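Work through the exercises below with the structure open. Each task is followed by its solution in steps.

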Amino acid sequence: MSAVITDDKIPNNVDLSGDKRLQRALEAWQPKFIEWWKEMGPEGWMAKDIYLRTAVSVETDGWAHFDYVKMPDYRWGIFLEPKVEGRVHGFGDFAGQPVWDEIPGEFRNSLRRLVVTQGDTEPASVEQQRALGGTAPSLYDLRNLFQVNVEEGRHLWAMVYLLHTYFGRDGRDEAEELLQRRSGDADKPRILGAFNEPTSHWLSFFMFTMFTDRDGKYQLAALAESGFDPLARTCRFMLTEEAHHMFVGESGVQRVCKRAAELMKTGDVRAQGGVDLPTIQKYLNLWYTLSLDLFGGEVSSNAADAFASGLKGRYKEDRYAEHKLIGSTFAMDVLRDGKVVHEDVPMRTALNEVLRTEYIKDCQRGVDRWNKTLQLEGCDFQMKLPSHKFHRQIGMWSTLKFSPEGEMITSEEWAKRSGDWLPTEADEQFVKSLMTPVYEPGKMASWIAPPIKGLNGLPEKFEYVRID
Ligand SMILES: [Fe+2]
Ligand SMILES: [Fe+2]
């Protein structure tokens with residue numbers, strides 16, 4: 001295991017050439033991946049030079065190298081954080097025992113499910129975003145989109161490496177299927193709901209990277225605690241890459257808000273080519289709630305099992321004093337006979353909700369920063385996260401209707417008011433009407449403020465994507 005990544009056909013730091021069988025298997029999967037990338041990756045941009053970062057090491061400092069590259073030539077590879085000698089299970093029934101380098105047979109199926117579910121989200125998001133390059137608000141944003149896309153492709157590699165290495169025949173089959181499902185496809189959809197929703201314009205893209213990629217951060221962080229050591233090390237490095245995706249989302253929405261607040265000073269925001277704040281709020285409501293669903297049911301025996309068996313921990317497990325969670329409880333809202341009650345739930349079965357609660361706090365910090373921006377512009381509108389009960393499609397709240405404030409409402413009221421809370425077809429058409437591409441270096445579309453600084457210290461007018 002080395003920190004430096006080799007220059008092999010498949011760049012890696014796992015000594016792939018030392019395992020010929022695995023190397024051959026992955027080299028056979030590689031052309032299929034490239035085929036998928038060309039078919040389902042960014043539409044119309046395969047031959048262009050894009051200023052991208054590529055991982056060249058897994059050291060915290062200096063792991064990334066920036067240069068122009070054509071996307072199909074991107075160096076997708078397999079990067080794991082170095083092994084920590086003597087690492088032990090940090091939680092669950094095996095807490096304190098040495099971590100596993102192989103998967104015990106009895107946990108094989110549930111672990112495969114976890115890896116496949118995570119893996120499936122990576123190509124799904126590339127598919128959802130494939131047409132966005134045609135309407136990029138600037139070269140800076142265009143490049144950021146492609147950076148996110150190639151790294152999601154890299155994350156697929158990370159999961160496929162685990163499938164090929166540790167799951168035998170089943171794993172190889174799963175790796176094939178990861179390239180066969182398609183986001184939004186009626187017959188072969190992606191596994192999770194939010195990954196089948198279209199990301200039809202840049203406001204949704206920024207909300208997606210803000211909220212849905214952030215779900216990814218929390219899932220990866222929980223898996224980074226895993227007692228199955230190769231999974232933990234894989235996810236740790238993925239988190240390094242993931243941080244940029246959330247930066248794209250958070251700063252993207254911030255710039256759209258800033259622009260709206262600027263335009264409010266001179267008249268109607270929409271009339272001047274901006275997205276008004278109430279419309280931004282509706283997209284926040286939509287993508288935030290779709291992302292809340294990704295954490296799964298509030299009370300879940302699967303979550304309890306994954307924790308008990310040491311496969312999936314809590315966010316930053318070492319912040320907690322107690323790691324077995326036998327006899328402890330979590331106080332949360334639950335539904336009893338059609339009523340909301342606050343109750344103590346056995347901690348292990350509440351772990352989806354525990355992770356979701358951490359996620360919500362993190363989202364709130366981002367929203368606070370947007371509100372700070374609005375305030376600085378002298379605007380008194382404030383963005384708000386809706387209640388976690390609002391607009392849910394998975395879990396106990398999905399059976400009833402709630403307002404963004406979390407009050408239970410009737411279906412009739414929902415039908416009357418949901419258009420005030422979630423984007424309507426008219427909103428969607430309006431936002432899409434703003435999406436005309438801006439490909440001139442340093443220029444921005446009318447609906448978004450420029451970034452505070454260029455990428456990697458580059459000047460404002462840097463040509464992040466060579467258009468001709
Ligand atoms: Fe990812
Ligand atoms: Fe991501």
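**Exercise 1: a helix and a sheet**

In this predicted model, helix H3 (residues 139–166) lies across E1 and E7, running at about 40° to E1.

Task: State the order of the strands in the open sheet and how they pair, then find which strands stand at the edges.

Solution.
- Step 1. The open sheet is formed by three strands in the order E2-E1-E7, and the pairing is antiparallel.
- Step 2. Strand E2 (64–70) and strand E7 (465–466) each have a single partner strand, so one side of each lacks a neighbour in the sheet, and these two strands stand at the edges.
- Step 3. Look at the pairing of E7: two bridges join this strand to strand E1 (residues 49–55), and the two run antiparallel.
- Step 4. Asp 49 has Arg 466 in E7 as its bridge partner.

**Exercise 2: two helices**

Task: Describe how helix H2 (residues 108–128) and helix H4 (residues 168–178) cross, and list the residues that make the contact.

Solution.
- Step 1. Two packed helices are described by the angle between their axes and the distance between the axes.
- Step 2. The axes of H2 and H4 come within 10 Å and cross at roughly 20°.
- Step 3. Angles under 35 degrees count as roughly parallel, so H2 is roughly parallel to H4.
- Step 4. The crossing of H2 and H4 is right-handed.
- Step 5. H2 contributes Arg 112, Val 116, Gly 119, Asp 120 and Pro 123 to the contact, and H4 contributes Asp 170, Gly 171, Glu 174 and Leu 178.
- Step 6. Sorted by class, the contact of H2 with H4 has four charged, three nonpolar and two polar residues.

How values were computed:
Residues are numbered from 1 along each chain as its sequence is written. Chains are lettered from A and ligands numbered from 1 in the order in which they are written. This is a predicted model: local features need pLDDT of at least 70, side-chain atom pairs count only at pLDDT 80 or more; totals for chains, interfaces and linings use all residues. Axes are lines fitted to C-alpha atoms, for helices over the stretch in contact, and angles run from 0 to 180 degrees between N-to-C directions. Helices (H or I, at least four residues) and strands (E, at least two) are DSSP runs, numbered from the N terminus. Angles under 35 degrees count as roughly parallel, over 145 as roughly antiparallel, 65 to 115 as roughly perpendicular and the rest as oblique. A crossing is left-handed if the near helix is turned anticlockwise from the far one by less than a right angle, and right-handed if clockwise. Two residues are in contact if their C-beta atoms, placed from the backbone, lie within 7 Å. Ala, Val, Leu, Ile, Met, Phe, Trp, Tyr, Cys and Pro count as nonpolar, Asp, Glu, Lys and Arg as charged, and the others, Gly among them, as polar. Two strands pair if DSSP finds at least two bridges between them.
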